[in-house]
Amino acid sequence: MKLFRKKIIKLSGLTLLFSLVFVNQSFAERITTLNVENRLSQPRLQEPVSFGLPLSEKLGITQPDQLAITDADGQRIPAQFTPLARWLQNPNKPVKWVLIDFLANVPSSGKAAYYLVKGQKNPQPSPLISVINQETSVAIDTGAVKVILSKKRFSLFEQVLLDLDQDGKRNDN
């Protein structure tokens with residue numbers, strides 16, 4: 001493994017440390033390790049992380065869909081990649097700088113490792129909100145809150161379901 005660069009970025013209570021590395025793997029090539037640190041006493045869930053990263057021309061990244069972010073377990077994390085510059089300012093050359101945006105989960109006073117990899121498809125982000133129009137009701141779901149509005153009765157909310165502890169389960173009793 002050859003280490004090229006180390007950089008520290010501070011983002012509102014989070015610190016992002018990344019090192020540009022090259023690791024030869026058959027399926028996915030790890031480009032860099034992203035260590036996100038939370039110095040606050042509460043967990044940071046789905047916290048936005050955004051930064052620009054220089055890429056070596058030798059990586060041959062010509063399209064953003066050649067990149068993905070994975071967590072420490074190798075699970076792909078939805079992310080957005082925006083090319084900012086290309087080598088020799090030529091649109092046919094590899095990407096020189098890429099803007100990376102993703103949502104990180106970091107425990108209170110802890111760290112989380114993420115990886116920028118080449119060779120894996122980036123998963124599509126889940127929709128931020130869904131609206132389901134049914135015959136007698138309309139359901140609006142944001143993930144943390146699901147609100148059901150009746151089409152037959154006039155009331156503010158027919159039902160409100162919350163996920164207060166962010167465990168993915170709502171109080172739907």
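Trainee: What does the accessible surface of the protein chain come to, and what part of it belongs to carbon and sulfur atoms?
Mentor: Keep in mind that this is a predicted model. The accessible surface comes to about 11100 Å². Carbon and sulfur atoms account for 52% of that area.

Trainee: And how much of the protein chain is buried?
Mentor: Start with the cut-off: a residue counts as buried under 20% relative accessible area. In this protein chain of 173 residues, 36% are buried.

Trainee: Next, the secondary structure. How many helices and strands are there?
Mentor: The protein chain has 0 helices and 13 strands. Read from the N terminus, the elements run β-β-β-β-β-β-β-β-β-β-β-β-β.

Trainee: What share of the contacts join residues at least 24 apart in sequence?
Mentor: Begin with contacts between residues at least 6 apart in sequence. Of these, 53% join residues at least 24 apart.

Trainee: How far apart are Leu116 and Thr32, in sequence and in space?
Mentor: In sequence, 84 residues separate Leu116 and Thr32. In space, C-alpha to C-alpha, they are 5.2 Å apart.

Trainee: Which residues does Ile69 touch?
Mentor: Use the same exclusion of residues up to four places away in sequence. Among the residues Ile69 touches are Leu34, Ile77, Ala79, Phe81, Ile100, Phe102, Tyr114 and Leu116. Its list also includes Gln75, Arg76 and Asn122.

Trainee: Where is Pro54 found?
Mentor: Pro54 is in strand 4. It counts as buried because its relative accessible area is 15%. Now check a C-alpha pair: Pro54 and Val98 are 44 residues apart along the chain, with 6.5 Å between their C-alpha atoms.

Trainee: What about a polar residue? Is Asn38 buried or exposed?
Mentor: Asn38 is buried, with a relative accessible area of 1%. It lies in strand 3.

Trainee: On to charges. How many salt bridges does a search of the whole structure find?
Mentor: The search finds 3 salt bridges.

Trainee: Which residue forms a salt bridge with Arg44?
Mentor: Glu47 does, with the closest N and O atoms 2.8 Å apart. The pair also shows up as a polar contact between side chains, at 2.8 Å. Glu47 lies in strand 4. Arg44 is buried, at 10% relative accessible area. Glu47 is buried too, at 16%.

Trainee: Which residue does Glu37 pair with?
Mentor: Glu37 forms a salt bridge with Arg39, and their closest N and O atoms are 3.5 Å apart. Glu37 counts as partly exposed, because its relative accessibility is 23%.

Trainee: And which residue meets Glu158 in a salt bridge?
Mentor: Arg153, at 3.3 Å from N to O. Glu158 is partly exposed, with a relative accessible area of 39%.

Trainee: Last, the outside. Which residues form a nonpolar patch on the surface?
Mentor: Leu128, Ile129 and Val131 form one, with about 340 Å² of accessible area together.

Trainee: Why does Leu128 count as exposed?
Mentor: The cut-off for exposed is over 50% relative accessible area. Leu128 is exposed because its value is 74%. For its place, look at the loop between strand 9 (111-118) and strand 10 (130-133).

Note on methods
Residues numbered from 1 in each chain as written. Predicted model: local features only at pLDDT ≥ 70, side-chain atom pairs only at ≥ 80, totals over all residues. Heavy atoms only, no water. Patch = residues over 30% accessible without salt bridge, like charges linked within 9 Å, V, L, I, M, F, W, Y side chains within 5 Å. Areas by Shrake-Rupley, 256 points an atom, 1.4 Å probe, with all protein chains shown as cover. Salt bridge = Lys/Arg side-chain N within 4 Å of Asp/Glu carboxyl O. Helix = DSSP H or I, 4+ residues; strand = E, 2+ residues; numbered from the N terminus. Buried < 20%, exposed > 50% of the residue type's maximum accessible area, 1.4 Å probe, protein only. Contact = heavy atoms within 4.5 Å. Polar contact = N/O pair within 3.5 Å; in protein donor to acceptor, adjacent residues only side chain to side chain.
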